[in-house]
Amino acid sequence: WSNSIVRLPSLEVHLGLRAVRELDLGYNGLLIESAEVLSSFLESKECRLERLNLAHNHLGKLAVEKLAVGLSKNHSLRFLNLRGNRMYDRGAIAIAEALCDEKHRKRLVELDVALNFINVGGARAMYRMLTICPSIYRLDLGFNKTLEAIHILPAIRDQCEVNLQINQKFSFCMCLYKRKVSSYRLF
């Protein structure tokens, strides 16, 4: 699961990364400096990365915000796994805004932000992202405890289905809503 990488060396040392299409750094306990290095790599024109797995690194909201800077300028990424990184609303909003940047057309189709302590503000940002970015047809918001009982989940599910029809792909939007919907209103 982990090879205990906590710091990524400068990407200038790894010019071979230009050819990398898939990078799995899950379960490594990456530090904020690593998020900065990844961000600079993602925003470089040489980046051809299509899959990035950063699951369960506990990056935190500041590192996720730094990563979002690179995501806003990236054109190649199709699958992003940020599950279990303690991003909270602040990180979720940064990611959603980065992926909606109109100046840079995105190819992202799947985003996993489960287990991140995302609340109503982050859920709203994710919904806005889905309405602006029709390429995204799979969004996993599972196990964000406060989301289980709010009205946004059916809207997110429906928007994923609309995006799915636009993209004519076969997938699904996975949102967790086990409990009865409460009286929270988002809109």
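View 1. Helix α1 takes in residues 32–43, twelve residues in total, and its first and last C-alpha atoms lie 17 Å apart, close to the 16 Å expected at 1.5 Å a residue. The expected span of a helix is 1.5 Å times one less than its number of residues. This is a predicted model, in which local features need pLDDT of at least 70 and side-chain atom pairs count only at pLDDT 80 or more, while totals for chains, interfaces and linings use all residues. Residues are numbered from 1 along each chain as its sequence is written, and side-chain values use heavy atoms, with hydrogens and water left out. Helices (H or I, at least four residues) and strands (E, at least two) are DSSP runs, numbered from the N terminus.

Which residues of α1 are buried? They are Ser 34, Ala 35, Val 37, Leu 38, Ser 39, Phe 41 and Leu 42. Here, buried means under 20% relative accessible area, exposed means over 50%, and partly exposed is in between (1.4 Å probe, protein chains only). The cover over these buried residues includes β1 (22–24), β2 (51–53) and α2 (60–71). An α-helix has 3.6 residues a turn, so residues three or four places apart point the same way.

**View 2. Glu 36 and Lys 66.** Stay with helix α1 for a moment, where you can find Glu 36. Glu 36 counts as partly exposed because its relative accessibility is 40%. Along the sequence, Glu 36 and Lys 66 are 30 residues apart, yet in space their C-alpha atoms are 5.9 Å apart.

**View 3. Helix α3 and Tyr 88.** The twelve residues of α3 should span 16 Å at 1.5 Å a residue, and the 17 Å between its end C-alpha atoms agrees with this. Gly 91, Ala 92, Ala 94, Ile 95, Ala 96, Ala 98 and Leu 99 are the buried residues of α3. What do the buried residues of α3 pack against? Their partners are α2, β4 and α4. Look for Tyr 88 in helix α3 too. Tyr 88 has a phi near 55°, a positive value in a residue other than glycine. With 37% relative accessibility, Tyr 88 counts as partly exposed.

**View 4. Gly 84 in its loop.** Gly 84 sits in the loop between β3 (79–81) and α3 (88–99). Is Gly 84 buried or exposed? Gly 84 is buried, because its relative accessible area is 5%. Leaving aside residues up to four places away in sequence, Gly 84 touches His 56, Asn 57, His 58, Ala 114, Leu 115 and Asn 116. Contact means heavy atoms within 4.5 Å. The C-alpha atoms of Gly 84 and Phe 143 are separated by 9.6 Å, although the two residues are 59 residues apart along the chain.

Leu 115, one of the residues that Gly 84 touches, belongs to the loop between β4 (110–112) and α4. Leu 115 is not a glycine, but it has a positive phi of about 55°. Its relative accessibility of 33% is why Leu 115 counts as partly exposed.

View 5. Helix α4 (residues 120–132) has 13 residues, which should span 18 Å at 1.5 Å a residue; its end C-alpha atoms are 18 Å apart, so the two values agree. Val 120, Gly 122, Ala 123, Ala 125, Met 126, Met 129 and Leu 130 are buried in α4. Between α4 and β5 (138–140) comes a loop that holds Tyr 137. Tyr 137 is buried, with a relative accessible area of 7%. In sequence, Tyr 137 and Gln 159 are 22 residues apart; in space, they are 8.1 Å apart, C-alpha to C-alpha.

**View 6. The largest cavity.** How much space lies in the largest cavity? The answer is about 60 Å³. A cavity is a set of points on a 1 Å grid over the protein atoms alone where a 1.4 Å probe fits but cannot get out, and lining residues have an atom within 4 Å of a point. The lining consists of Leu 71, Asn 74, His 75, Leu 77, Leu 99, Lys 106, Arg 107 and Leu 108.

Key. On a 1 Å grid over the protein atoms alone, a cavity is a set of points where a 1.4 Å probe fits but cannot get out, and a pocket is an open set with protein on both sides within 12 Å along at least five of seven lines; lining residues have an atom within 4 Å of a point. Grid points are joined across faces, edges and corners, and a volume is the space filled by probe spheres set on the points.
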